[in-house]
Amino acid sequence: MRTAAPVAGFVALLAAFPFLVTAPWLMTIALFTLMYAVLASAWNLVGGYAGYPSLGHAAFFGLGAYAEAIWFQHHGIGSGLAPFAVLPLVGLAVAAAGLPVAWIAMRTRSDVFAIVTITLLFVAQTLAYNLRGITHGAQGMAMPVPDFAPATFERPFYYAMLALLVFALLLSWAVLRSRLGLALLAVRADEDKARGVGVPVGTAKLGAFALSVGITGMAGGVWAYYLSFIYPQFAVDPLVTIAMVLMVFLGGRGTLWGPVLGAFVIAPAQQYLAYQYGASQLYLLGYAALFVLVMLVLPRGVLPTLADRWRRRRLRADVGPEVAVEQP
Amino acid sequence: MHETIQAIILGLLTGGVYALMASGQTLIFGVLKVVNLAQGALVILAAYLSSSLFVSFGIDPFLTVPIVAPALFLLGAAVQWCLLRPLHRSDASQLSLLVTFAVALGIEGVLTLVYKSDYRTIQPSYANRSWTVAGYRIGEVRLAACLLSLAVLGALALLLGRTRFGRAVRATVQNPTAARLLGVEGDRVAALGYGLGAATAAAAGAVYGMVYSFNPNSHYDLISRLLSIVVLGGLGSLGGTVVAALAMGVVSALVGALISPVWSDFSFFVVLLAVLLVRPQGLFGARLRGAL
Amino acid sequence: MTAPLLEVRGLGKRFGGVAAVDGCSFGVQRGTVTGLIGPNGSGKTTLFNLVTGYLRADAGQILLDGRRIARPDPARLYRRGLCRTFQQPRVFPDLTVLENLLIASGHRWPALAGPRARAGDRAAGEALLAEFGLAALAADPAEELSYGQRKLLEFAALLMSAPALVLLDEPTAGVNPTMVRTMERHIRARHATGTTFLVVEHDMGLVMRLCDPVVVMDGGRVIAQGPPGSVQTDPRVLDAYLGG
């Protein structure tokens, strides 16, 4: 395993980070960076591997956040680390909720899929506002503030996000190595042809979507517990979707590390600017500009472009200049 | 019964406005084969421009349309020419979709910077006046809005049916390759088409601002509704879009009147999902495609 | 005569006001290489699309092995042994040549959770690549193949499912004469091991050498069928081709 050592080093560095850096504001930035790395990796399973650009993932993020909060309202299990223990259940619940949506949305092709998913944002917000009996509507929902020591308050959330990131990456890696990954790549390239060679495209797409929104929901659960108070407009925030999409496109769609790279570039920058200048309305312009820039200049993303360049250079070195001349 | 008929009247009037907004969307899809996620933001932008002209210069909101429409036409054409045209790649359709999304964000960002995020409405003196016909209330603004929508739709239909540009558009919609061979310049038609779609948003924006309150954020729920209508109408069919818009206007007004206003917006998505469940190509997709 | 492997009865499909396929009926007997010819626009490709589930017929029936297929679905038909190539070869450009075969092994959905290549699939894929002379390219992305090689790859991939009936849509269109002979050799080899073929082809020389019987379509319906020699001299066929 040529890549095992650097990957282990990367994870070890992330695990050591809270001990190297103690300033709470830096920890907050690191926490949100990990969260976006999780979200981008999750989005990549559908938007990258299968080529179905979901614009509604924030709805599932919000669903996870509400699931976590509602669990606590009804079961009131103290605070401390217990809330992290229900995350797998939150993930399963969100994945299950995603299945019927995906089943309807993915009967069509990517245009209509994008439309259905973007309307999901609005559906989720409307539900969060109006199902007052469950979500308390615009008042928002509170969760118990955990009794972690103030100096290291972020640590448990940080490690929860790190665990989610490792899980998301392992899952993405496993999907790429599996027949599901092969099927998704085939769907992205030519779905009709894939059906014509017996690929169970429906199941493959549903599987990818369920995995993707399940991870997204779990990240939402950790986020809700960290903030300990959630409102509809923040739990289902279109900006979250946009951030996921942008990070994946910047780093490289359909690659394992591209989403992580994109998140590690964009999320700290965005958090830092917010922390320093607090100019949240500038986010939008910044996102929009960066988005257009990536689409126009680097539509395949950083990693695939670099890989391609590297491969060509190696090919040229292998073949030598005299053979290259013979090419018509 | 009285309540139901009142709701249907209201729904038809609202549906006319939706038809106007969605027809721009349909036109753009027809010409570019791109779902324009910025259409809602363009409508909100137009609403703000119209509101500013009304507040600062006292120009009647309906009269701001001829001022705002050319501006949005230029903006739309510029978006196509500068941002969408360069995306000639194998996955251009997916990238274009996301670029229009980025345009929506950019517009939202500019509006937030300039106007902050408070809600506002355009309130001319006649905003709340209404006529009563046979016991049914008809809001003046809504009726005028519906008539304006019909007028713009009619003009659009004439433009597409009777002019050289319209023929070029229709040719591009039906067969882009053949149209190019016949000397239709695809890029120019696309830019004009996007511009025209954006210009219809100008008319829609003025009207929208008088009927609803809005803030820079409003484009998300607006685009969700527009997209539901466009899918229901079968992507790219102008006739289907108008019928779908009227139908959705009536359904949501009925739900609002008979069940609860809270769920009236929701009816859009229930109908959208139901339609996709039964006919993934939309209600009018098969029959009316190419009718544009 | 036993029941045909594939039979279409009164199949019809209209686009707008135009009937692309109009009451088309014929059968493909097991063990034959049946040719399907006709002038451009006579409905051959539409017929392929109807039979393989890419289009839904407006009228008529499709029977596979004597059993009616009510709602043809490409993936399900593939697993039942009916598969097709496309006029423009369609391969997955991002996948390697070998992966293009592995993806076509026709497993049901539970296999999605398994590895990309089961041992048996890999062996079968490598054997096919050797048979088709593509072994050296196994690890290359399919986008690097030439047009003719893509046609070979598309055909080879279908054989991963050990199909009973292969529909070939113009297998030799646009390829060089050497590749035409290569393709013909592979069709014959597979025919010899029991695969049935239905071939749409414009190269009449190849049709006359390879196919028996030949079905002739014009205007969306069958106008003649029989051994190649008799079809060739049939006045209706000459009329159709010469625009009589």
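Biologist: Why is the radius of gyration of chain B said to agree with a compact globule?

Modeller: The model is predicted, and the value is computed from it. A compact globule of 292 residues would have a radius of gyration near 19 Å, and chain B has 19 Å, so the two agree. Along its principal axes, the C-alpha trace of chain B spans about 60 × 45 × 35 Å.

Biologist: What makes a residue of chain B count as buried, and what percentage of the 292 residues do?

Modeller: A residue is buried if 20 or more other C-beta atoms lie within 10 Å of its own. In chain B, 53% of the 292 residues count as buried.

Biologist: What percentage of the contacts in chain B join residues at least 24 apart?

Modeller: Among contacts between residues at least 6 apart in sequence, the figure is 78% for chain B.

Biologist: What is the secondary structure of chain B?

Modeller: Chain B has 12 helices and two strands. Along the sequence the pattern is α-α-α-α-β-β-α-α-α-α-α-α-α-α.

Biologist: How do you know which residues of chain A and chain B are in contact?

Modeller: Two residues are in contact if their C-beta atoms, placed from the backbone, lie within 7 Å. By that test, 31 residues of chain A are in contact with 37 residues of chain B. On the chain A side, helix 6 (110-130), helix 12 (238-251) and helix 14 (280-297) each give two or more residues. Helix 6 of chain A gives the most, with 13 residues.

Biologist: How do the residues on that side of chain A divide by class?

Modeller: The side of chain A that touches chain B has 23 nonpolar, six polar and two charged residues.

Biologist: What does chain A give to the contact with chain C?

Modeller: Chain A gives 23 residues, and chain C gives 29 residues. Helix 9 (179-196) and helix 10 (201-227) of chain A each supply two or more residues to the side that touches chain C. Helix 9 of chain A gives the most there, with 13 residues. By class, this side of chain A has 11 nonpolar, six polar and six charged residues.

Biologist: Which chains have the most contacts between them?

Modeller: Two pairs of chains touch, and the most contacts are between chains A and B.

Biologist: How far apart are the nearest C-alpha atoms of chain B and chain C?

Modeller: They are 8 Å apart, and chain B and chain C do not touch. The test for contact uses C-beta atoms within 7 Å, whereas the 8 Å refers to C-alpha atoms.

Terms used: Residues numbered from 1 in each chain as written. Chains lettered and ligands numbered in written order. Predicted model: local features only at pLDDT ≥ 70, side-chain atom pairs only at ≥ 80, totals over all residues. Helix = DSSP H or I, 4+ residues; strand = E, 2+ residues; numbered from the N terminus. Nonpolar A, V, L, I, M, F, W, Y, C, P; charged D, E, K, R; others polar. Rg over C-alpha atoms; globule rule 2.2 N^0.38 Å. Buried ≥ 20, exposed ≤ 12 C-beta atoms within 10 Å, placed from the backbone.
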